[in-house]
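Tutor: Please look at the sequence and the model shown below.

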Amino acid sequence: MPGRRERPEVIELDEYVPNYQRRCIACEQRPVVDGLKNGKQIPLAGLCGPCTFGTSDAIYPDEWNRLG
Ligand SMILES: [Zn+2]
């Protein structure tokens, strides 16, 4: 019998939120991208918007949830 809906270990985030306390580990910009899941802020890779999404539009946190 095939297993149903085997999920990889990927957290499904509710949305992306900015973290102004940290700097991007690649380019030192702020804020970095955190995730929000069930009202809890979850640190991701420690990268800013443009480094996370690969587009300069992502400099604005408002864009993250549209891109992500
Ligand atoms: Zn960056």
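Student: Where is E28 found?

Tutor: E28 is found in the loop between β1 and β2. Helices (H or I, at least four residues) and strands (E, at least two) are DSSP runs, numbered from the N terminus. Residues are numbered from 1 along each chain as its sequence is written. This is a predicted model: local features need pLDDT of at least 70, side-chain atom pairs count only at pLDDT 80 or more, and totals for chains, interfaces and linings use all residues.

Student: What confidence does the predictor assign to the protein chain?

Tutor: On the pLDDT scale, which gives the predictor's confidence in each residue from 0 to 100, the mean of the protein chain is 89. Of its residues, 85% reach 70 or more. Confidence is highest in β1, at 97, and lowest in helix α2 (residues 61-67), at a mean of 92. Where pLDDT is low, the predicted coordinates should not be read in detail.

Student: Why does E28 count as exposed?

Tutor: A residue is buried if 20 or more other C-beta atoms lie within 10 Å of its own, exposed if 12 or fewer, and partly exposed in between, with C-beta atoms placed from the backbone. E28 has 10 C-beta neighbours inside 10 Å, and therefore counts as exposed. E28 also has a positive phi of about 65° although it is not a glycine.

Student: In which loop is N38, and what makes N38 exposed?

Tutor: N38 lies in the loop between β2 and β3. N38 has 7 C-beta neighbours inside 10 Å, so N38 counts as exposed. Its phi is near 50°, a positive value in a residue other than glycine.

Student: What pattern does the protein chain follow along the sequence?

Tutor: The pattern is β-β-β-α-α, with two helices and three strands in the protein chain.

Student: Which residues make up the largest nonpolar core?

Tutor: A nonpolar core is a set of buried Ala, Val, Leu, Ile, Met, Phe, Trp, Tyr and Cys residues joined through C-beta atoms within 7 Å. Here the largest one consists of six residues: Y16, V32, V33, C48, A58 and W64. In soluble globular proteins, nonpolar side chains tend to be buried together. Of the 68 residues of the protein chain, 13% count as buried.

Student: Which residues does C48 touch, leaving out those up to four places away in sequence?

Tutor: Two residues are in contact if their C-beta atoms, placed from the backbone, lie within 7 Å. With that exclusion, C48 touches C24, C27, Q29, P31, V32 and V33. P31 lies in the loop between β1 and β2, and the peptide bond from R30 to P31 is cis, with omega near -5°.

Student: Why is C24 called partly exposed?

Tutor: C24 has 19 C-beta neighbours inside 10 Å, so C24 counts as partly exposed. C24 lies in the loop between β1 and β2. The C-alpha atoms of C24 and C51 are separated by 8.1 Å, although these residues are 27 residues apart along the chain.

Student: What makes R22 partly exposed?

Tutor: R22 has 17 C-beta neighbours inside 10 Å, and therefore counts as partly exposed. Not counting residues up to four places away in sequence, R22 touches V32 and G46.
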